[in-house]
Amino acid sequence: MGSNQVKIRAEIEKLISNEFSASSTAIKACAESYNKILSKSPYEYLAHLIRTMEIFVRNQKSKDYFRITVTPNDSSTGIADLAWAAYSGDWYSFDIYYDEKLDPVQKRVAIAHELGHLFYDVISENPNQPDRETLSTLFGIAAMLHKYQCKSTVPLYSSEEDLIAKFKLLQNRATGTINTSGTKNQ
């Protein structure tokens, strides 16, 4: 599992510096600032699914201000090795709390299960289905399998160098210096 901090290796820093005419000081300052932002909030678990579910509820259920929060909790609060959720104010929020001492995979599993409750209690066309615990677990499994399958089979880039090349292409497109085939624009 990766760190919740960006780390820029020396050879990547040099490549960035060469490709974007950026000083080593600027690159290090940017990474440091980025890491400060990350340190102010807990690691985001299943953030894309959460955002998608928020938008769905806002649009389909006419809850314009609906939000989902995910908050770590000390395990002494009675949720050791678990997560739980609370519904607030006429479905204007769905607040998930999880044991902060869980390992990262178990945190995702617990949060995905709680999102299953949101699905069956709010989004589903039939919220009164029996055995919602099992259904919520099935939803969580689908969410985790999807994340695993996307991450495992659809690499977004093959290396750090490839990622930097994609940003260089973007910058060149924005300045009109090359087209998508790599040739200069006239």
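Contact here means heavy atoms within 4.5 Å. The structure is a predicted model, in which local features need pLDDT of at least 70 and side-chain atom pairs count only at pLDDT 80 or more, while totals for chains, interfaces and linings use all residues. Residues are numbered from 1 along each chain as its sequence is written, and side-chain values use heavy atoms, with hydrogens and water left out.

His113 counts as buried, at 15% relative accessibility, where buried means under 20% relative accessible area, exposed over 50% and partly exposed in between (1.4 Å probe, protein chains only). Apart from neighbours within four places in sequence, His113 is in contact with Glu133, Ser136, Thr137 and Gly140. With Thr137 there is a side-chain to side-chain polar contact of 3.0 Å (a pair of N or O atoms within 3.5 Å; within protein, one must be able to donate a hydrogen and the other to accept it, and residues adjacent in sequence count only if both atoms are side-chain atoms).

Next comes the largest nonpolar core, with 23 residues, of which Met53, Ile68, Ile111, Leu115 and Leu118 touch the most other members. Such a core is a set of buried Ala, Val, Leu, Ile, Met, Phe, Trp, Tyr and Cys residues joined through side-chain atoms within 4.5 Å. At least two residues of the largest core come from each of α3 (47-60), β3 (93-99), α4 and α5 (132-153), and α4 gives the most, with 8 residues. Beyond four places in sequence, Met53 is in contact with Ile68, Leu115, Leu118, Phe119, Ile123 and Phe139.

Note on methods: Helices (H or I, at least four residues) and strands (E, at least two) are DSSP runs, numbered from the N terminus.
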